[in-house]
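Me: I'm new to this one. Can you walk me through a few spots in it?

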Amino acid sequence: MVTKRGFGSGILNEPDKLERILEGVSTKINIELSIKCRLGFENENDIFSLIKVYNKYPLKEIIVHSRTAKQMYKGLAKPDVFYDLIKESKHKLVYNGDIILVDDYYSLNTKFEKKINTWMIGRGLLQNPFLANEINGNFLSSESKKILFEKFYNELFEGYRNKLQPSHILMRMQIHWEYFSFLFINQRKIYKSIKKANNINVYTKRVDNIFIAEEFV
Ligand SMILES: Cc1cc2nc3c(=O)[nH]c(=O)nc-3n(C[C@H](O)[C@H](O)[C@H](O)COP(=O)(O)O)c2cc1C
């Protein structure tokens with residue numbers, strides 16, 4: 001709905017509109033502006049015309065999720081297109097897309113000839129909240145990770161409990177577990193059991209059991 005109306009990534013199909021927005025915004029604000037965008041709506045090469053528009057305006061940085069909007073979250077990100085963009089952009093570029101493992105970061109850093117020094121990680125961090133630390137060379141034992149993760153989980157759950165009604169908390173937490181389950185050896189079994197919990201009491205009992213019985217990767 002959003003993109004069909006020409007909003008969100010729908011703007012990528014309308015460079016003139018993008019230019020009008022940037023013209024209007026950049027003359028009226030006195031804070032730094034960053035852009036997060038995809039490579040294009042359907043065509044990954046659209047980014048090369050869009051970058052010419054971005055180049056005309058003062059921007060703090062451009063975060064490029066290296067997929068098209070049409071790909072949504074499916075299919076692989078396209079770091080090769082991002083690489084070609086580096087020499088076209090006047091602005092600092094931030095790479096985003098498919099950094100799931102420590103090695104993903106290192107091979108992308110090599111591919112980009114170490115020209116990129118800011119990175120955005122989405123699902124990789126949801127699956128492994130320790131990823132950024134590990135990229136920086138700090139690895140913890142499974143036991144330490146489990147203790148830290150349980151503390152983080154409890155804070156997150158408390159935060160939701162203070163804000164949302166039980167059925168909404170359940171829905172939110174089930175989405176989180178789609179990613180958190182990767183932290184455990186029995187990933188599939190854990191995600192299935194959380195997804196099947198039909199009320200918050202069943203859910204909390206299952207989570208308690210997971211923290212008692214299930215081994216971390
Ligand atoms: C659960 C979830 C919520 C997201 N919400 C937003 C959002 O509100 N705004 C945004 O620009 N991107 C959002 N994204 C996209 C991510 O910022 C990122 O661009 C995308 O996941 C690709 O990076 P990845 O391959 O590292 O996951 C979201 C992604 C996920 C998985």
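Reply: A term to start with: buried means under 20% relative accessible area, exposed over 50%, and partly exposed in between (1.4 Å probe, protein chains only). This is a predicted model, where local features need pLDDT of at least 70, side-chain atom pairs count only at pLDDT 80 or more, and totals for chains, interfaces and linings use all residues. Residues are numbered from 1 along each chain as its sequence is written, and side-chain values use heavy atoms, with hydrogens and water left out.

Me: Is Leu108 buried or exposed?

Reply: Leu108 is buried, because its relative accessibility is 7%. Leu108 lies in helix H4; helices (H or I, at least four residues) are DSSP runs, numbered from the N terminus.

Me: What does Leu108 touch?

Reply: Not counting residues up to four places away in sequence, Leu108 touches Pro79, Tyr95, Gly97, Ile99 and Trp119. Contact means heavy atoms within 4.5 Å.

Me: And Asn109, where is that?

Reply: Asn109 is in helix H4, residues 102-111. Asn109 is buried, at 11% relative accessible area. Leaving aside neighbours within four places in sequence, Asn109 contacts Lys114, Ile116 and Trp119.

Me: New topic. At what angle do H8 and H9 pack?

Reply: Helix H8 (residues 166-180) and helix H9 (residues 187-196) pack at about 175°, with axes 9 Å apart. Axes are lines fitted to C-alpha atoms, for helices over the stretch in contact, and angles run from 0 to 180 degrees between N-to-C directions. That makes H8 roughly antiparallel to H9, a label for angles over 145 degrees.

Me: Which residues make the contact?

Reply: Gln174, Trp177 and Glu178 of H8 and Ile190, Tyr191, Ile194 and Lys195 of H9.

Key: Helix = DSSP H or I, 4+ residues; strand = E, 2+ residues; numbered from the N terminus. Parallel < 35°, antiparallel > 145°, perpendicular 65-115°, else oblique.
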